[in-house]
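Have the sequence and the 3D view handy, and follow along by residue number.

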Amino acid sequence: MKLQKTIETVLAPPPPHMVGDGFRVHSFFPDNGLIGKKRMSPFFLLDYNALMDFSPRKEPRGVGVHPHRGFETVTIAYHGRIAHHDSAGNSGIIGEGEVQWMTAASGLLHKEYHEAEFSRQGGPFQMVQLWVNLPAKYKTVAPKYQELSVDKLVRVPLPDDKGEVEVIAGSYANAKGAASTFTPMHVYNLRLKKGARLDLDLPAHYNTGMLIVAGEANINGSSVPADHFILFKNDGEMVNIEASADAVILVLSGEPIDEPIAQYGPFLMNTWEEVEQAITDVNAGKYGILEE
Ligand code: MN
């Protein structure tokens, strides 16, 4: 019989801050004093825009041109739509229920805004942005996108019509997620109906946490409300989940990357020399050009 992971801490959403004028985020990690830069590795950052209403506006809210280097950004849209453009000429829309897995790696410039029509209409908005670190040997690969539209996301139905496990990356049961990753990890959205019960097998040495995106659940017997994040100790191989209401739960579990971290703003490297180089390269126009 598999041992349950011990809950290390349950975090209420920290006070929100704005990213540009389009994203009102609770940063669960890193640097909230409880979960440090390596504690959830390979996941470096979790920004959560809890469910809220944006008023209609002609000029879309968002965050203007900025660089990234050395990692991946994963944007999960639960409500609302986001438009993006980058310095390689790529652009697209992340619609409701969709996931964008962007490998910034060697570096790019991009901007992220509310999609024009969503902005004009306003309405409910809820999203997650996750930063996934890359090991040194992959920090210099070329940027790429994985657009995981609703039809590409893999779903495993639970018995008795109690919901489903949406496998974004890694695998669940015998189903493999649509996203390819550079290091081993499991990323799921559990979409559960009230009364759903399941055991998730997740290796003890994987750093593991869950965000309750909607509803409420008993996790290893502890009741956890919406918008809270649960961090597990690295001591068991299984988590028991019982949905006490209809619930959506984002599951993050991955093999730690055991390398030094040097992070400054949107650069996530191994050494400070690499961070300085990243800034020098931005100023030299090496990430390309993108108009505001
Ligand atoms: Mn960005």
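Is Phe125 buried or exposed? Phe125 is buried, with a relative accessible area of 0%. Keep in mind that this is a predicted model.

**Overall build**

- The protein chain has two helices and 26 strands.
- A compact globule of 292 residues would have a radius of gyration near 19 Å, and the protein chain has 19 Å, so the two agree.
- Along the principal axes, the C-alpha atoms fill a box of roughly 55 × 45 × 35 Å.
- Of the 292 residues, 53% count as buried.

**Aromatic rings**

- Searching the whole structure turns up ten aromatic pairs.
- One of them joins Phe23 and Phe125 in a tilted arrangement, 5.9 Å centre to centre with 50° between the planes.
- That pair links distant parts of the chain: Phe23 sits in strand 3 (residues 23-29) and Phe125 in strand 11 (residues 123-133), 102 residues apart.
- Phe23 counts as buried because its relative accessibility is 6%, and the cut-off for buried is under 20%.
- Another pair is Phe44 with Trp131, and this one is stacked, at 6.5 Å centre to centre and 15° between the planes.
- Here too distant parts of the chain are linked, with Phe44 in strand 4 (residues 43-54) and Trp131 in strand 11, 87 residues apart.
- Phe44 and Trp131 are both buried.
- Phe23 and Phe125 also belong to an aromatic cluster, together with Phe54 and Phe118.

**The manganese site**

- Four residues coordinate the manganese ion: His66, His68 and His110 through NE2, and Glu112 through OE, at 2.1 to 2.3 Å.
- If you want to find these donors in the sequence, look for the spacing H-x1-H-x41-H-x1-E.
- His68 lies in strand 5 (residues 62-68) and Glu112 in strand 10 (residues 108-114), so this pair ties together parts that are 44 residues apart in sequence.
- His68 and Glu112 are both buried.

**Salt bridges**

- The structure holds 13 salt bridges.
- Arg81 pairs with Glu115, their closest N and O atoms being 2.8 Å apart.
- This pair links distant parts of the chain: Arg81 is in the loop between strand 6 (71-79) and strand 7 (82-86), and Glu115 is in the loop between strand 10 and helix 1 (116-121), 34 residues apart.
- Arg81 is partly exposed at 29% relative accessible area, whereas Glu115 counts as buried at 12%.
- Arg120 and Glu117 meet in a salt bridge of 3.0 Å, N to O.
- Both of these residues lie in helix 1, three residues apart, which is about one turn of the helix.
- Arg120 counts as partly exposed at 47% relative accessibility, and Glu117 is partly exposed at 30%.
- Glu242 bridges to Arg197, with the closest N and O atoms 3.5 Å apart.
- The link runs between distant parts of the chain, from Glu242 in strand 23 (residues 238-243) to Arg197 in strand 18 (residues 197-201), 45 residues apart.
- Glu242 counts as partly exposed at 28% relative accessibility, while Arg197 counts as exposed at 60%.
- Arg155, Glu164, Glu166 and Arg191 are linked in a salt-bridge network.

**A buried lysine without a bridge**

- Lys5 is found in the segment before strand 1 (7-11).
- Lys5 is buried yet has no salt bridge, and the nearest side chain of opposite charge, Asp235, is 6.4 Å away.
- What does lie 2.9 Å from a polar atom of the Lys5 side chain? The backbone oxygen of Pro203 does.

- The peptide bond from Phe29 to Pro30 is cis, with omega near 0°.
- The bond from Ser41 to Pro42 is cis as well, with omega near 15°.
- Pro30 is in the loop between strand 3 and strand 4, and Pro42 is found in the loop between strand 3 and strand 4 too.
- Asp160 has a positive phi, near 60°, though it is not a glycine.
- Asp161 also has a positive phi, near 55°.
- Asp160 sits in the loop between strand 13 (154-157) and strand 14 (163-169), and Asp161 is in the loop between strand 13 and strand 14.
- Asp160 counts as exposed at 69% relative accessibility, and Asp161 is exposed at 59%.

Conventions. Residues are numbered from 1 along each chain as its sequence is written. This is a predicted model: local features need pLDDT of at least 70, side-chain atom pairs count only at pLDDT 80 or more; totals for chains, interfaces and linings use all residues. Side-chain values use heavy atoms; hydrogens and water are left out. Rings of Phe, Tyr and Trp (its six-membered ring) pair if their centres lie within 6.5 Å; planes under 30 degrees apart count as stacked, over 60 as edge-to-face and the rest as tilted. Helices (H or I, at least four residues) and strands (E, at least two) are DSSP runs, numbered from the N terminus. Buried means under 20% relative accessible area, exposed over 50%, partly exposed in between (1.4 Å probe, protein chains only). Donors are N, O and S atoms within 2.8 Å of the metal (3.2 Å for Na, K and Ca); water is not among the atoms, so sites may look incomplete. Lys and Arg count as positive and Asp and Glu as negative; His and the chain ends are not counted. A salt bridge is a side-chain nitrogen of Lys or Arg within 4 Å of a carboxyl oxygen of Asp or Glu. A polar contact is a pair of N or O atoms within 3.5 Å; within protein, one must be able to donate a hydrogen and the other to accept it, and residues adjacent in sequence count only if both atoms are side-chain atoms. The radius of gyration is taken over C-alpha atoms; the globule rule is 2.2 Å times the number of residues to the power 0.38.
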